[in-house]
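Student: I have a structure open and want to learn how to read it. Can we go feature by feature?

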Amino acid sequence: MSVETLEFQAETKRLLDLVINSIYTNKEIFLRELISNASDAIDKVHFESLTNHELLGDEKDFEIFVLPDKESKTITISDNGIGMTRGEVISNIGTIAKSGTRAFLEKIREQDKNTEQELIGQFGVGFYSAFIVADKVELITRKAGESSAVKWTSDGAGEYTLEDCEKDSRGTTIILHLKPEFCEGLETDFTNEQLVENLIKKYSDFIRYPIKMNFVEEDENKNQTVEVRTVNSMKPLWVRNKSEIKPEEYEEFFRQQFHEWEKPTEVFHTKAEGTLEYTALLCIPHHAPMNLYFSDYEAGLQLYSRHVFVMEHCTDFLPDYLRFIKGLVDSPDLPLNISREVLQQSREVKSIGKALEKYIFKQLEKMLKNDRKKYDAFWENFGKSIKIGIYNNSFDQKIKDELKELVMFQTSKQSNFSTFAEYVERMPASQQKIYCVAGTDEATISKMPQMELMRERDIEVIYLTDPVDEFAFEALQKYGDKEIQSITRENFELDDEEFKKGQNEVEELNKSNEQLLKDVKEAIGDEVFAVRLTSLLKSGAVCLATTAAGPSLSMEKTFAQMKNPFFKAMRILELNPNHEIFKKLVALHASGKDSDDFKDFCKLLYAQALLIEGIMPTNPVEVANKIAALMSK
Ligand code: ADP
């Protein structure tokens, strides 16, 4: 039989190096990692056997064996799960495919040596954790439905070998040759049956397949018999009574089942009885995964029927905007061998989903009311999702009405998050509308020329700094009876008399300068929809507004990023009639609207307005040349 020697992928080598050399405080975690892999492998073979009835053959009972052995200084973990082919061993064990592990490596790369130790404890390193305690690992595996088996061996030092071998039945057996320090001591002797049994009870009790161990019994005549015992209770956590479950148990559960390495922000455990029966165990993770809003993120809840695993990532329960929720639904009302297509049509699934959506909303509302610090953290991580929910439900007033109460934002007066209710509470009696402004960040927005007026009037303005904000706010339109108004839309107005007076005056000016403004627009070209004078500007000379309807400038930027160049904002160039520069414009116009000086002046006014908005003029070199020419005059 030929032995093939292969090298680990570079990333894997680095990970192994970290695992082997780091002083893991919890040496024992390797056991729960390997048991959890074994349980996943059984899930997979079980799932496949639902459609491939021959797959299980005679071996229909699923089990995991953990065998510590003092003599050989080994601990063996074996399962009768799906197993792996030679190719799968190479791609699963020799490389790092899992995004969580990759993210872990990235994070570690940013840290210095000291925090490395801490970090490694927060993440699971899966199979590789075997090398925390072993100096040599053998993995013998046979894929379900195949007759050949393969043996993988490595000391974790950069290479591994593969060879064909014999194995009687399907599944995977992993033999850990323990380092000497892990064959002794009270808490570190992993050849000690009692210790291993306790660890299984501690970490893997709710694994839903029996985890078996051999126990040697001795009678009074010193005759030894081996008794096989199941160590775990197998009672799924969600079946137990909520009041009996400790927070650490939930934590451990999400760690094992959903690879949540940090403590979830919130755990929801809910049961429904009656016409529709189900239990849901859900969590809001501690952090938003990096790919949450990308297509490679796998949303969806695990589905169980009478505690038996049916499906991973069932996306039919929760609406897409709640994709950050992790967890499972267990319902006896759903059949075991249900296909994805049938599931999509299922009335039961829809009703459970509706109920869960409502439940999650209520829980979030409660969190907002009772634990603001926690809610703030939730909002930082997942606020975007709620805003996407509002936008996605633009035509569903009921959902919008619910979700808007969960929305938070920063404002020109509060760097802490505020809700709409709090903003309205702070509004002076004279203020009728809710004002908002979109921009890349707080610093840029606060310097926008339109903000000067708002500061002068002491009016609080909501900052919309996430691209999705404006879409959500436009979908809302109102909060209660208060209209939401962007201060960069052409229909912007304040309610006070002074503002109205200023507007009337500027309207007069717009009329008397009609020809001038027309000529300015002509000089700039089609990029602007209109040019007009405004009463909004204080010290600023120019600004850009957009039409009351249609995309705004920041929406246009978002569309452009999505490679959709067709949604353009209708730009309105607004000029300050009280600024020196306006007088100059009038004078230049008087000396001839076709002169290059007038045209260049107009183009530069527009370029300034673009720069204020953080938009690059389409012809930056030309703009720079014109500025240079003007400065040399
Ligand atoms: P994870 O389990 O988190 O994906 P691991 O490093 O623990 O990461 O395992 C990598 C892959 O190796 C698994 O996704 C699985 O495909 C395969 N694997 C690990 N253990 C087993 C096992 N006991 N039986 C079958 N496949 C396994």
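Student: Which residues does Gly540 touch, leaving out those up to four places away in sequence?

Tutor: This is a predicted model, so read every value as computed from it. Gly540 touches Glu452, Asn576 and His579. Take Glu452: Gly540 is 88 residues away from it in sequence, yet the two C-alpha atoms are 8.6 Å apart in space.

Student: Where is Gly540 found?

Tutor: In the loop between β21 (528-533) and β22 (542-546).

Student: Is Gly540 buried or exposed?

Tutor: Buried means under 20% relative accessible area. Gly540 has 18%, so it counts as buried.

Student: And where is Asn576 found?

Tutor: Asn576 is also in a loop, the one between β23 (571-575) and α20 (580-590). Its relative accessibility is 1%, so Asn576 counts as buried.

Student: What does the side chain of Asn576 reach?

Tutor: Look for backbone oxygens. The side chain of Asn576 reaches the backbone oxygen of Lys538 at 2.9 Å. A polar atom of that side chain also lies 2.8 Å from the backbone oxygen of Gly540. The contacts of Asn576 beyond four places in sequence are Thr534, Leu537, Lys538, Ser539, Gly540, Ala541 and Phe582.

Student: On to sheets. How do strands of a sheet pair?

Tutor: They pair through backbone hydrogen bonds, either parallel or antiparallel.

Student: How many bridges join β10 to β11?

Tutor: There are 7, and β10 and β11 (residues 278-284) run antiparallel. For a specific pair, find Thr270: its bridge partner in β11 is Ala280.

Student: Which residues of α10 are buried?

Tutor: Among them are Val349, Ile352, Leu356, Ile360, Phe361 and Leu364. Glu357 and Gln363 are on the buried list too.

Student: What caps the N-terminal end of α10?

Tutor: Ser346. One of its side-chain oxygens lies 3.2 Å from the backbone nitrogen of Glu348.

Student: What is the order of strands in the open sheet of 6 strands?

Tutor: The order is β16-β15-β18-β17-β20-β19, again with mixed pairing. The edge strands are β16 (418-419) and β19 (478-479), each pairing on one side only. Inspect β17 (residues 434-438) and β20 (residues 482-486): they run parallel, joined by 3 bridges. There, Ile434 stands opposite Ile484 in β20.

Student: Last topic. What describes two packed helices?

Tutor: The angle between their axes and the distance between the axes. For helix α2 (residues 29-51) and helix α7 (residues 193-204), the axes come within 10 Å and cross at roughly 65 degrees. The crossing is right-handed. From α2, the contact uses Leu31, Arg32 and Ile35. From α7, Val196, Leu199, Ile200, Tyr203 and Ser204 take part.

How values were computed: Residues numbered from 1 in each chain as written. Predicted model: local features only at pLDDT ≥ 70, side-chain atom pairs only at ≥ 80, totals over all residues. Heavy atoms only, no water. Pairing = 2+ DSSP bridges. Helix = DSSP H or I, 4+ residues; strand = E, 2+ residues; numbered from the N terminus. Buried < 20%, exposed > 50% of the residue type's maximum accessible area, 1.4 Å probe, protein only. Contact = heavy atoms within 4.5 Å. Polar contact = N/O pair within 3.5 Å; in protein donor to acceptor, adjacent residues only side chain to side chain. Axes fitted to C-alpha atoms, helices over the stretch in contact; angles between N-to-C directions. Left-handed = near helix turned anticlockwise from the far one by under 90°.
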